[in-house]
Amino acid sequence: MPLARSLSVTSLPGLEEWDEDFDLEDAVLFEIAWEVANKVGGIYTVIQTKARLTSEEWGENYFLVGPYVESNVRTQVELIEPTNPALKRTIDKMNSSGCKVYFGRWLIEGSPYVVLIDVGFTAWSLDTWKSELWELCDIGVPWFDREANDAVLFGFLTAWLLGEFAAQCEETPHVVAHFHEWLAGLGLVLCRHRQLPVATIFTTHATLLGRYLCAGNVDFYNKLSEFNVDKEAGDRQIYHRYCLERAAAHCAHVFTTVSQITAIEAENLLKRKPDIVTPNGLNVKKFSAVHEFQNLHAQSKNRIQEFVRGHFYGHLDFNLDKCLFLFIAGRYEFSNKGADIFLESLARLNYLLRVNHSDVTVIAFFIMPARTNNFNVETLKGQAVRKQLWMIQNVGQLPDVSKMLDKEDFTIMKRAIFATQRQCQPPVCTHNMLEDSGDPILNSVRRIGLFNSSADRVKIIFHPEFLSSTSPLLPMDYEEFVRGCHLGVFPSYYEPWGYTPAECTVMGIPSISTNLSGFGCFMEEHIADPSAYGIYILDRRFRGVDDSCNQLTSFLFQFCKQSRRQRIIQRNRTERLSDLLDWRYLGRYYVAARHMALAKAFPDTFLYEPHDPTSTSGFRYPRPASVPPSPSLSRHSSPHHSDVEDNDEDERYDEDLEAEKDRVNIRQPFTMPYKNKVSAVYRANGNGDGVVSEKN
């Protein structure tokens, strides 16, 4: 199946403004998700980072709806009285009817209002609501599936909330309800069945069946149209979940997903083509000094180097100034996240660096949480030795020459130096694994033979725990750690969007993604030569595993051959792409989805004129005409690679001029309408600036 773009909405300037203003003081937006003030996965990041922009658009008429989790509410939510009179009457009515509904402000950027529902308090209604679900949809939920039981409770309660709110309003309001993922989807189905005056949107961030199929090592994308979806869901005992997700997708006025690759997946597995693609963004913070992020990179890199000094004590026979830090991070899905081909490529990279007598050392970090019982003793000892040597070297003041060293000082120094001797290799894993013999990363390391020996130019550090600034090993937050690395490697096989490479881009760190990730497809579409901007796109769709490994090895090897100046230039270019991922730009897709839903649900008030243009008038960042991203791509107009970095001053590169040229390729940030005003007519013209279209 060709990976052709089916929706023109991924062209950033492809959304027109609505031309006419219409008073929408009675319009209210409810955004419903299981991860509102409840961090479970990536949807939490989407909702949290988007909240500020949506609050600016809707003001007091924006409410997030999620589950009440006491431990999260204590630290994230300020409980207050409802400010909307109709909503206050709604919550009071539900509470008097045997529910527990809370109202407050979520203490994040934008401080949005949240309505939190205690699903456990109404568990007494579970059997009744399950029976109603069976009579309504012929969907039976087994008693042992706790997550699906929560979805039933949450769905009925959110539908109750929306129906009661519509009844409590003095005039029929224009309500938009945006549901995220299958856990919230049942509420949408009930809203449509009860014919509530609600414009509904359903967003799937990753299909349930797609995630299960990819975890089973099937040729997912090439056989996407051949799956018997009912049988596959039944075989994996998720048929009831799949039915809830599919019902929500078909009942919604507007169905959206986060990327083109997921749109194709949803069309084949959920049997409905998404109306619009809503890519995930981030809140991009620009520094007043243009190159401040480079300074932050240097500071964070120094902290990582301190950890490396301790981890490799006794075997620190490589130059840290010629050491490159690579990393992969995320859920521990060994194949889906591409850790398998990353390890294989590291083994091949190690061979290339050794046969070419390279003086570059690569340290690859694997930040993936797994089951552990404690820190590795050797790892802790290494950090202790490093700190002891540091204390000896930093005495605080210059002593008198005659008293610079006495017998006791010599003894302390000798003991510290002797302590750096090591009989064993530096550990691969920083923790003691509970299932060491069955761990896929450690088993792959044993197979490829990368044990951090002195002869190897590639070293591996497996950190099976999320990073924290309070860790005694690597006391750094994830953001600080990413800033200190040189390259993020995310060769995922299944990645509906990909926040990890997006976060790298925003921080000016080059990354490797794939053409099977939403992020990779998005960047391929909007950048003429992604690798020139530090976005390497690995082909995992049309190449076999061995070919993909060779391509990844080539990317890594060429990156290792870059000079320091070339890496600095590439980071400058990567950071300039952050505008592409800012919610100020990508938030317009959610605006378009809401407008589309209003037009479909309330056709007498809102006019929607669909048009299928024949082309797409997007934009593409051109390839920079100056210094190449890697020596292998050097052209006549680009300077040759030099081993002597001081000679790089002659390279023809003007950062300000290049940045100015890039700036004209991106539209100005989207200006949100006032909270009580939005445009009423959504139109699409024939030159491609529309929402729903097909690419020839």
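Visitor: What should I know about the model before we start?
Guide: The model is predicted, so local features need pLDDT of at least 70 and side-chain atom pairs count only at pLDDT 80 or more, while totals for chains, interfaces and linings use all residues. Residues are numbered from 1 along each chain as its sequence is written, and side-chain values use heavy atoms, with hydrogens and water left out.

Visitor: Why are helices α11 and α20 called oblique to each other?
Guide: The axes of α11 (residues 292–311) and α20 (residues 564–576) come within 10 Å and cross at roughly 120°. Angles under 35 degrees count as roughly parallel, over 145 as roughly antiparallel, 65 to 115 as roughly perpendicular and the rest as oblique, and α11 and α20 are therefore oblique.

Visitor: Why is P369 called partly exposed?
Guide: Buried means under 20% relative accessible area and exposed over 50%, with partly exposed in between (1.4 Å probe, protein chains only), so P369, with a relative accessible area of 28%, is partly exposed. P369 is found in the loop between β12 (361–367) and β13 (372–375), and its C-alpha atom is separated by 6.0 Å from that of F466, 97 residues apart along the chain.

Terms used: Axes are lines fitted to C-alpha atoms, for helices over the stretch in contact, and angles run from 0 to 180 degrees between N-to-C directions. Helices (H or I, at least four residues) and strands (E, at least two) are DSSP runs, numbered from the N terminus.
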